[in-house]
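Please walk through this structure with the model open beside the text. We will go strand by strand and then look at the side chains.

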Amino acid sequence: VGAGARSFLYGPATLMSQTCEAGYGSAGVELQVARTAFRLEARGNAFCFRSPITGTGSANRNDIGLMFGVGYHLR
């Protein structure tokens, strides 16, 4: 679990740079059978986005990822 800020820095003077809060969380599980392991992990990244154009609103965004992996343990 983590928290912080996300900054969007734009080059043109007509666009305003923005900084907004962000949060992160992940959870996973690994099942080992003999020397082979199967892993499943879920990650979530929540943050807000403020438009660089003056007079427009902001929105909350959420990215979710699922990963699956297989491992082989030598010991």
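Predicted model: local features only at pLDDT ≥ 70, side-chain atom pairs only at ≥ 80, totals over all residues.

Begin at A22, whose bridge partner in β3 is F47.

Return to F47 and look at its ring. R6 lies over the face of F47, at 3.9 Å from the ring centre.

Next comes the cysteine pair. What is the count of disulfides here? The count comes to one. C20 and C48 form the disulfide, with their sulfur atoms 1.3 Å apart. The link joins distant parts of the chain: C20 sits in strand β2 (residues 18-33) and C48 in strand β3, 28 residues apart. A disulfide is a covalent bond between the sulfur atoms of two cysteines. Which hand does the disulfide of C20 and C48 have? The torsion about its S-S bond is about -120 degrees, so the disulfide is left-handed. Are these cysteines buried or exposed? C20 has 5% relative accessibility, so it counts as buried. C48 is also at 5% relative accessibility, and therefore counts as buried.

Now turn to the aromatic rings. A search of the whole structure finds one aromatic pair. Its members are F8 and F49, arranged edge-to-face. The rings are 5.2 Å apart, centre to centre, with 85 degrees between the planes. This pair also links distant parts of the chain. F8 is in strand β1 (residues 2-8), F49 is in strand β3 (residues 36-50), and 41 residues separate them.

F8 has 19% relative accessibility, so it counts as buried. F49 has a relative accessible area of 24%, so it is partly exposed.

End with Q18, which is placed in strand β2. Its relative accessible area is 14%, so Q18 is buried. What does Q18 contact, leaving aside its neighbours within four places in sequence? Its contacts are R6, S7, F8, R50 and S51. Two of these names have come up already: R6 lies over the face of F47, and F8 forms the aromatic pair with F49.

Note on methods:
Residues numbered from 1 in each chain as written. Heavy atoms only, no water. Phe/Tyr/Trp six-rings, centres within 6.5 Å; stacked < 30°, edge-to-face > 60°. Helix = DSSP H or I, 4+ residues; strand = E, 2+ residues; numbered from the N terminus. Buried < 20%, exposed > 50% of the residue type's maximum accessible area, 1.4 Å probe, protein only. Lys NZ or Arg CZ within 6 Å of the ring centre and 35° of its normal. Disulfide = S-S within 2.5 Å. Contact = heavy atoms within 4.5 Å. Pairing = 2+ DSSP bridges.
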